[in-house]
Every structure is written in C-alpha cells, then in structure tokens.
Amino acid sequence: MDWIVSYLPQVLMTVGVIALIVEVVVLGFATFIFFFIGLSLVISGFCMYMGWIDATLHYALWTNIILTIVFALVLWRPFKQLQNRQTKQDYQSDFAQQTFVLKGDVNSTSDDVTHAYSGIHWKVRSMQPLSAGQTVKVVKMEVGVMWVEAIND
C-alpha cells in the first residue's frame, strides 16, 4: 500500500489509461462513465506529477471527484449527440442487378403488381409512374417491396 502512495501520480495515470482503454475498446464508447473517470485520473495524475497539486490521497480523491463531475456536465450532451448520430447509407445488394418486365402499371403507392423472386412475391413500386410491359431494374429494397426504375433502351 505504501508504494501506491509513493507513486500516486503514476498509479493514477496508469489506472486512468486503463479506464479509457476499457471504455473505448471493451465497451465501445457505449457508456461515458469510464471515459470521464479515466480522463480525470490521467489529468489529476499529470497535475500531481508536475507538482501543481499535492500528491496525497486526499487531494487525489477530491480532484478526481470534481474533474469527473465537470467532464460529465460539459461533455455528456456532445457525446450523446455524437453517439446518436445516424448516417444513412444506400447500399447495392444482389437485387440491384435484377431486371424484369412489368406485368402492370406501377407508381409509388401501388400494391397490386408483384414480382416473384427467390420464392417470394415482392410488391413492385416506382417513384415515377411506369406502365405495363416496360423493362425495369431494381434500385432499392425494403421489407416486401422492390423499388424499380425504367431501363432506357
């Protein structure tokens, strides 16, 4: 126990780095608690190492409590917004290579035209009105719906 007090700044920085690694690698930045605690441990350990704060357990405890609360108050909302940000990605699937001839008229709300693919009858829809007999290709997939557009030949 004496070596912890003797090397308190180094112990604080080491535990802080471990807390940061656990937060980012193990928890995937899902909770911010270990991040705030780890950041306060690293900063308070550095301040003690530089001699700006006395290297005692009393100062270490109160410095980390105050820094953790400050980091939580200042950084919680930006981190929460960063975590909740969603990026919309359009992806090309195997269905996008599928082409076929329409059996009926299709628009963005039609449910009466279907296309059988892989044992499933998919509803066919299009952003622009298309008429029966046109050759189309699949551009987007949703649950039970193939979105198509006309192929200009």
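Colleague: How many residues has helix 3, and what span is expected for them?

Modeller: Helix 3 has 18 residues, and its reach from first C-alpha to last is 26 Å, close to the expected 26 Å at 1.5 Å a residue. The expected span is 1.5 Å times one less than the number of residues in the helix.

Colleague: What kind of model is this, and how are its residues numbered?

Modeller: It is a predicted model, with residues numbered from 1 along each chain as its sequence is written, and side-chain values use heavy atoms, without hydrogens and water. Local features need pLDDT of at least 70 and side-chain atom pairs count only at pLDDT 80 or more, while totals for chains, interfaces and linings use all residues.

Colleague: What makes a run of residues a helix or a strand here?

Modeller: Both are DSSP runs, numbered from the N terminus: helices are H or I with at least four residues, strands are E with at least two.

Colleague: Which residues is S40 in contact with, leaving aside its neighbours within four places in sequence?

Modeller: They are N64, L67, T68 and F71. Contact means heavy atoms within 4.5 Å.

Colleague: Which other residues of helix 3 are buried, and what do they pack against?

Modeller: Besides S40, the buried set in helix 3 is F35, F36, G38, L41, S44, G45, C47 and M48. The buried residues of helix 3 pack against helix 2 and helix 4. Just after helix 3, G51 takes a positive phi of about 90°.

Colleague: How do you know what span helix 4 should have?

Modeller: Helix 4 (residues 57–84) has 28 residues, so at 1.5 Å a residue it should span 40 Å. The end C-alpha atoms are 38 Å apart, which agrees.

Colleague: Where does helix 4 bend?

Modeller: At L75, by about 50°, and the proline P78 follows within four residues. The bend at a residue is the angle between axes fitted to the seven residues ending there and the seven starting there.

Colleague: Is P78 buried, partly exposed or exposed, and why?

Modeller: P78 belongs to helix 4. Its relative accessibility is 40%, so P78 counts as partly exposed.

Colleague: Which residues of helix 4 are buried, and what covers them?

Modeller: A60, T63, N64, T68, F71 and F79 are buried. Their cover includes helix 2 (8–26) and helix 3 (33–50).

Colleague: Where does the UniProt record place the "transmembrane region"?

Modeller: The unreviewed UniProt entry gives residues 6–26, 33–53 and 59–79. Its positions are in the numbering used here, feature names are shortened, and annotations may be inferred rather than shown by experiment. In the model, residues 6–26 are 95% helix and 0% strand, with end C-alpha atoms 30 Å apart. Residues 59–79 are 100% helix and 0% strand, with end C-alpha atoms 28 Å apart.

Colleague: What order do the strands of the open sheet have?

Modeller: The order is 1-4-5-3-2, over five strands with mixed pairing. Strand 1 (99–101) and strand 2 (114–117) stand at the edges; each has a single partner strand, so one side of each lacks a neighbour in the sheet. The twist averages 45° from one strand to the next.

Colleague: What makes two strands a pair, and in which sense do strand 3 and strand 5 run?

Modeller: Two strands pair if DSSP finds at least two bridges between them. Strand 3 (residues 120–126) and strand 5 (residues 145–150) have four bridges, in the parallel sense. There, S126 stands opposite V148.

Colleague: How many bridges join strand 4 to strand 5?

Modeller: Six, and strand 4 (residues 135–142) runs antiparallel to strand 5. K137 has E149 as its bridge partner. The two strands form a hairpin with two residues between them, and G144 in the turn has a positive phi of about 75°.

Colleague: How many bridges do strand 2 and strand 3 pair over?

Modeller: Four, in the antiparallel sense. H115 has W122 as its bridge partner, and T114 stands opposite K123.

How values were computed:
Buried < 20%, exposed > 50% of the residue type's maximum accessible area, 1.4 Å probe, protein only. Axes fitted to C-alpha atoms, helices over the stretch in contact; angles between N-to-C directions.
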